[in-house]
Amino acid sequence: MSIASPCIDICKFDDKTGFCIGCMRTRDECKSWKKMKDKHRRKIIDDRPSREHKLKR
């Protein structure tokens, strides 16, 4: 089973980090999500807490 997109339809990108404030992915990650292998998707999802921390700085 494929890993679902973490998108929550906010789609606003932080200028400093480049992360979407809704799903914590970069624009490139959002665009290529459907073509990514699950291993890469899992890494992005697992990195979410770290990305949230960077966004709050």
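Here is a short tour, one selection at a time.

Before you start, this is a predicted model, where local features need pLDDT of at least 70, side-chain atom pairs count only at pLDDT 80 or more, and totals for chains, interfaces and linings use all residues. Residues are numbered from 1 along each chain as its sequence is written, and side-chain values use heavy atoms, with hydrogens and water left out.

**Stop one: Asp9.** Select Asp9, in the segment before α1 (27–32); helices here are DSSP runs of H or I with at least four residues, numbered from the N terminus. Its phi is near 60°, a positive value in a residue other than glycine. Most residues other than glycine have a negative phi. Asp9 is exposed, with a relative accessible area of 69% (exposed is over 50%, buried under 20%, partly exposed in between, using a 1.4 Å probe and protein chains only).

**Stop two: Met24.** Now jump to Met24, which also sits in the segment before α1. Met24 isn't a glycine, yet its phi is positive, about 65°. Is Met24 buried or exposed? Met24 is buried, with a relative accessible area of 4%.

**Stop three: Arg25 and Trp33.** Show both side chains: Arg25 lies over the face of Trp33, at 4.9 Å from the ring centre. To count, CZ of Arg or NZ of Lys must be within 6 Å of the ring centre and within 35 degrees of the ring normal.

**Last stop: Arg51.** Find Arg51 in helix α3 (residues 48–56). Arg51 counts as buried, at 10% relative accessibility. Leaving aside residues up to four places away in sequence, Arg51 touches Phe19, Met24, Arg25, Thr26, Glu29 and Ile44, where contact means heavy atoms within 4.5 Å.

Notes. Helix = DSSP H or I, 4+ residues; strand = E, 2+ residues; numbered from the N terminus.
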